[in-house]
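The following exercises are to be worked with the sequence and the model at hand. Each task is followed by a solution in steps.

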Amino acid sequence: TAMRVLVAWLSLLCCALALADSPDDFAFGMLLQSDGPQALVRIDLPAAVHTGVRRPDLGDLRVFNAAGEAVPHALLPQPPAARARPALLPLPHFALRGEAAAGVEGVEVRIERQGGRAVVRMDGRAPVPARATLLGYLVDASAVEQPLQGFSLELSPAVEELVTRVRVEASDDLARWTTLVSEAPVLRLAAGGQRLEQLRIEFAPRRAKYFRLSWAAAAPALPLLALAGEPAAAVLEAPRQWQQVAGSAVQEQPGSYRFDLGGQFPADRLRLLLPQPNSVAAVELLSRSRAGDAWRRVTTATVYRLGAAGQEVVNPDLAIAVNSDRHWLLRVDQRGGGLGSGVPELAAGWLPQGLIFAARGPAPFQLAFGSSSARPGAYPITTLVPGYRMTDDGQPVADAAAAAGLEIGRATTAAVHLLAGERATRPATDWRRWGLWASLLAGVALLGWMAWRLVRQLARAPQDGPGAGPAG
């Protein structure tokens, strides 16, 4: 009987420890307003979520339906930096003709500017025959500000077949040339009404005033109609959310300022707003998760704010590794007077975190967050979304789901409302640990009780056995 009671008690304890989360286990909530009846719905977490969560990995976050049931959710990985490919730039090019044996190196080139036009003058080191050979092309890129990473070639339509290899060189003075590509293939082939072309030459991004295209003496010449430069792809900064707070001077440390962001924001950009114009200073930034932790260095930089109002120049945002620490410390080099009077402000920028959940059960759904006892409950994104992949612009695509006609909807978050409030964020009793200890102690007590009963039975055995008789 005792054994059955103990087993039943342990079963009830395990069931209590395995109870699912409910909205009352979290401090705050947000109603989710979906734009359609899709089975999978995406939201972008607002700044208020990072203010209310207790875990930097967002492990204390859940999505509940109207019946209070938790539904599956997954956090989206951050998309790669998007790159914009600018439009091609038509560039003036000039044919280089001369003696084939001497090559383009035997042609001296000068470019003169006359009335806004470029005039090329060529002086050969050897006499140029009456029918000079096309040796290459000189490309004038002096008006292009950004680096180029390739050329797009246009051949004469009369050229049906061409296979050659082109060398590309760069120079700023037409005297010293640097080879960028030694043998870039250029071809046009036609067969059976089909045409195969390779008319793009790619090289490492390079800013130069002039480029030179040439080929080996035995190779076919390149009959160009036009040439366009391909500017290097620019990295597009994704829009970030920002949290900006004022600092407070550390009295015992001149030139030091503390900042409390008020939450755990996954910042990868920092922005310092200096209190006075025409300020320049070397600074060090440190951070820590909790007020009692040791400071850790994050970055050093030179910050500035120069110029008059309306025409100020400030230093770029500081790029850092993703950091969710709440507390920050700024140390300013005091040479030159530091920052002068006033207190700087710190802004932390982060990429919005996307979340996808399964719209299972009755609406409306709500996002709940902020708990000292909740453990991570997110699925891997590839588990929740069949055939998941991310496009270059950061949009999730489910290839397998899309093939079945399944789309990912969108939802917006309403204002924050209170659920359990501060009670959910207080350090909670770890019932799982206490339950395990109680189970262990109960098991030890059970073993002790069984051993005590066994000892008593063994002690009575000689007296109660069949050979026992009255003492003589």
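**Exercise 1. Identify the residues that are linked in a network of salt bridges with Arg42.**

Solution. The network of salt bridges links Arg42 with Asp44 and Arg410. A salt bridge here is a side-chain nitrogen of Lys or Arg within 4 Å of a carboxyl oxygen of Asp or Glu. The model is predicted: local features need pLDDT of at least 70, side-chain atom pairs count only at pLDDT 80 or more, and totals for chains, interfaces and linings use all residues. Residues are numbered from 1 along each chain as its sequence is written, and side-chain values use heavy atoms, with hydrogens and water left out.

**Exercise 2. Which residues have the most contacts inside the largest nonpolar core?**

Solution. Step one: a nonpolar core is a set of buried Ala, Val, Leu, Ile, Met, Phe, Trp, Tyr and Cys residues joined through side-chain atoms within 4.5 Å. Step two: the largest one has 28 residues, and Phe151, Leu153, Val168, Phe211, Leu213 and Leu222 have the most contacts inside it. Step three: among the elements giving two or more residues to this core are strand E11 (148-155), strand E12 (162-171) and strand E16 (210-214). Apart from it lies another core of 23 residues, including Leu261 and Trp350.

**Exercise 3. Classify the aromatic pair of phenylalanine 203 and phenylalanine 211.**

Solution. Step one: rings of Phe, Tyr and Trp (its six-membered ring) pair if their centres lie within 6.5 Å; planes under 30 degrees apart count as stacked, over 60 as edge-to-face and the rest as tilted. Step two: the centres of phenylalanine 203 and phenylalanine 211 are 5.9 Å apart with 35° between the planes, so the pair is tilted. Step three: both residues are buried, and together with Phe151 they form one aromatic cluster.

**Exercise 4. Leucine 174 and asparagine 278 have a positive phi; is each buried or exposed?**

Solution. Step one: most residues other than glycine have a negative phi. Step two: leucine 174, with phi of about 65°, lies in the loop between E12 and E13. Its relative accessibility is 17%, so it counts as buried. Step three: asparagine 278, with phi of about 60°, lies in the loop between strand E22 (267-273) and strand E23 (279-288). Its relative accessible area is 54%, so asparagine 278 is exposed.

Conventions:
Buried means under 20% relative accessible area, exposed over 50%, partly exposed in between (1.4 Å probe, protein chains only). Helices (H or I, at least four residues) and strands (E, at least two) are DSSP runs, numbered from the N terminus.
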